[in-house]
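Hello,

Here is the structure I promised to pass on to you. Please open it first, and then read my notes below alongside it.

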Amino acid sequence: MAEELFNESVSELSRLMAQGSLSSVDLMRAVIARTKAVDPRIRAFNSFDEADALAQARASDERRAEAKASGSGGPPRPLEGIPIGMKDVISVAGQPLTASSQILAGFISPYDATATRKLKEAGAICWGRLNLDEFAMGSSTENSAFGTTSNPWDLERVPGGSSGGSAAAVAAGEAIASLGSDTGGSIRQPAALCSVVGMKPSYGRVSRYGLIAFASSLDQIGPFARSVEDAATVLGVISGHDPRDSTSLKIDVPDYNRGIADFVKAGRRWKLGVPKEYFGDGLDPEVGAAVQAAIDEYRRMGCEIREVSLPHTKYAVGAYYIIATAECSSNLARFDGVRYGHRSAAATDAVDLYFKSRAEGFGPEVKRRIILGTYVLSSGYYDAYYLRAQKVRTLIRRDFLEAYKEVDAIVTPTSPTPAFKKGEKAANPLAMYLNDIYTIGVNLAGLPGISLPCGFTKSGLPIGLQVIGQPFRETELLAVARGYEERTHWRERRPKL
Amino acid sequence: MPKPEDLKLDHVANLARISLTNEEKERFTAQLGDVLNYIAQLNEVNVDGVEPTAHAFPVVNVWAPDIPEPALSVEDALRNAPEKRDNMFVVPKVVE
């Protein structure tokens, strides 16, 4: 039995549209109908613009018809007619951009992010505004000012975060693929908790222009999809140097899917590192067992498994919460009630306008992080906190580069636990932060990382496997992930909704 | 490393230009105290002679040719303004 359209892969839908048996408008209608049916329960979207999405789909069908009529066919654009959900921190011209914050309620993007522009040029339909933890600060989507997203596998539980809406939408058939952003695990952790593929590219691979900045030295945009192949297709579209982001690197963008196929054809046997520090206290036994089974599967594929050590792992969360909050306190200074965003009606003078607009506009987690970041940068504390954290960052990065002298990639759990219940960690920020213990080091080191489904708990909650690659070796990373995916069937399961 | 109780919330909130309620001050002091206690383990790390990392892949001196390009129109730049007049942002009186 074939999948419902809204649950199909990018590759299969592209094939159906290329052979003329499916139009983009019909696909978009199916996705809209699905979204209307399930989103009242999932709440993955902050908003969606049905008329705009259908207009984009019609334009796609017209492009396809024109190319056919003129015979100037050539290969179609890589995402022609495919609805891609957009995390509500990525600008789409003319659409709302809220970062799930009251301070940006009503804001309309005046321009496209570079990732958005590239999706549109590739024929994709930019679909809806997906929920997140306010300003991407959180691991559960509970910090959204507009309501919590539910995990499609268990509506009582969180989808992870901060890109919880992006993960839940793909898992629930409300988008064919989606974009998220990942500062400390915000793509990989929700991907693991919702049983989809989620990838953070190397820092500098994808332009951050038009992405609302949280921590500029850590943020990257990346894809969610239902297969490694689909994730590679979307990543290929959004990758590349951009003069508007001076930290995006001028290096070639390979054809990821061709590269994956070449590695598979060559029967490459990878050397994979298993860091002992990622399998200690705090790891849920069912998650540990599923990841161990995945490692065994790699061994059966002929891969060489080596224990490696990343000795500074236990310091990653501490270093991260200094660096990320320091950067956020600086980035979020722009929300001052003057040029855009919420302006307090109660302000008595210009300076009071800042205090009151920010107090009224930001939610508690954002305030906490701005306070912490301001503190670690303040006079008398800079060296003890911020500078020390930057030095620890160097050591964390060195650990990875040292391991890569021995192995091609590193395999770990993505998250120490499966999806937790809503409210369970909401009052305890530190417990929430520790949820990102396996994903944060990757951001500090600027590495590419991917999470893919590797099993379920007895109670039916998804478990994710994280594969961490070498800088700018996304093709190898994707090929390692694809090797496992090809031999297992976890990704074929769908939540009952 | 400083102690968690060194965090003077009124002072830092003033630097950050955020007014906090008493309830928020109480809650944040406790929650950030936990976080700062946790962060204190960074003291165990020997960082002597270690260079700080600001970016994983530092790129320096990114030059671009100085060519004027179309930018946001005044109308687009002002579209999200909370208050505007005569192609300008309106703010409360700054100078008496």
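**A helix with a buried side**

In H3(A), the buried residues are A:Ala53, A:Gln56, A:Ala57, A:Ser60 and A:Arg64. Buried here means that 20 or more other C-beta atoms lie within 10 Å of the residue's own, exposed means 12 or fewer, and partly exposed is in between, with C-beta atoms placed from the backbone. Seen down the axis of H3(A), these buried residues fall within an arc of 100°, so they line one face of the helix; the arc is that of the directions from the helix axis to the C-beta atoms.

Before going on, some housekeeping. This is a predicted model, in which local features need pLDDT of at least 70 and side-chain atom pairs count only at pLDDT 80 or more, while totals for chains, interfaces and linings use all residues. Residues are numbered from 1 along each chain as its sequence is written, and chains are lettered from A and ligands numbered from 1 in the order in which they are written. Helices (H or I, at least four residues) and strands (E, at least two) are DSSP runs, numbered from the N terminus.

Back to H3(A), which covers residues 50-70. Its 21 residues reach 30 Å from the first C-alpha to the last, close to the 30 Å expected at 1.5 Å a residue (the expected span is 1.5 Å times one less than the number of residues). The buried residues of H3(A) pack against helix H1 (10-18), helix H2 (24-42), strand E2 (83-87) and strand E3 (125-130) of chain A. On the face turned away from that buried side are the exposed residues A:Ala51, A:Glu62, A:Ala65, A:Glu66, A:Ala69 and A:Ser70. A:Gly71 follows H3(A) and has a positive phi, near 70°.

Which residues of H9(A) are buried? They are A:Val287, A:Ala290, A:Val291, A:Ala294 and A:Tyr298. They fall within an arc of 95° seen down the axis of H9(A), so they line one face of this helix. Strand E7 (271-275), strand E8 (304-308) and helix H16 (474-487) of chain A are among the elements that cover them. On the other side of H9(A), A:Pro285, A:Asp296, A:Arg299 and A:Arg300 are exposed. Just after H9(A), A:Gly302 takes a positive phi of about 95°.

Strand E7 of chain A also holds A:Gly273, which is buried, with 23 other C-beta atoms within 10 Å. Its C-alpha atom is separated by 9.5 Å from that of A:Ile468, 195 residues apart along the chain.

**The core**

In soluble globular proteins, nonpolar side chains tend to be buried together. The largest nonpolar core here has 165 residues, of which A:Ile84, A:Val197, A:Ala319, A:Ile322 and A:Ala409 touch the most other members. Such a core is a set of buried Ala, Val, Leu, Ile, Met, Phe, Trp, Tyr and Cys residues joined through C-beta atoms within 7 Å. Helix H10 (residues 316-331) of chain A gives the most to this core, with 10 residues. In H10(A), 14 of the 16 residues are buried, so it is largely enclosed by the rest of the structure.

**Where the chains meet**

How many residues of chain A are in contact with chain B? There are 56, in contact with 44 residues of chain B; contact means that the C-beta atoms of two residues, placed from the backbone, lie within 7 Å. H13(A) gives the most to the side of chain A that touches chain B, with 11 residues. The predictor gives the complex an ipTM of 0.96 and a pTM of 0.97. For chain B the mean pLDDT is 93, and 100% of its residues reach 70 or more; pLDDT is the predictor's confidence in each residue, from 0 to 100.

**Backbone details to look at**

A cis peptide bond joins A:Gly161 and A:Ser162, with omega about 10°. A:Ser162 sits in the loop between E3 and helix H5 (164-171) of chain A.

In chain B, B:Arg17 has a positive phi of about 55° although it is not a glycine, and B:Asp86 has one of about 50°, also without being a glycine. Are these residues buried or exposed? B:Arg17 is buried, with 20 other C-beta atoms within 10 Å, whereas B:Asp86 is exposed, with 5.

Best wishes
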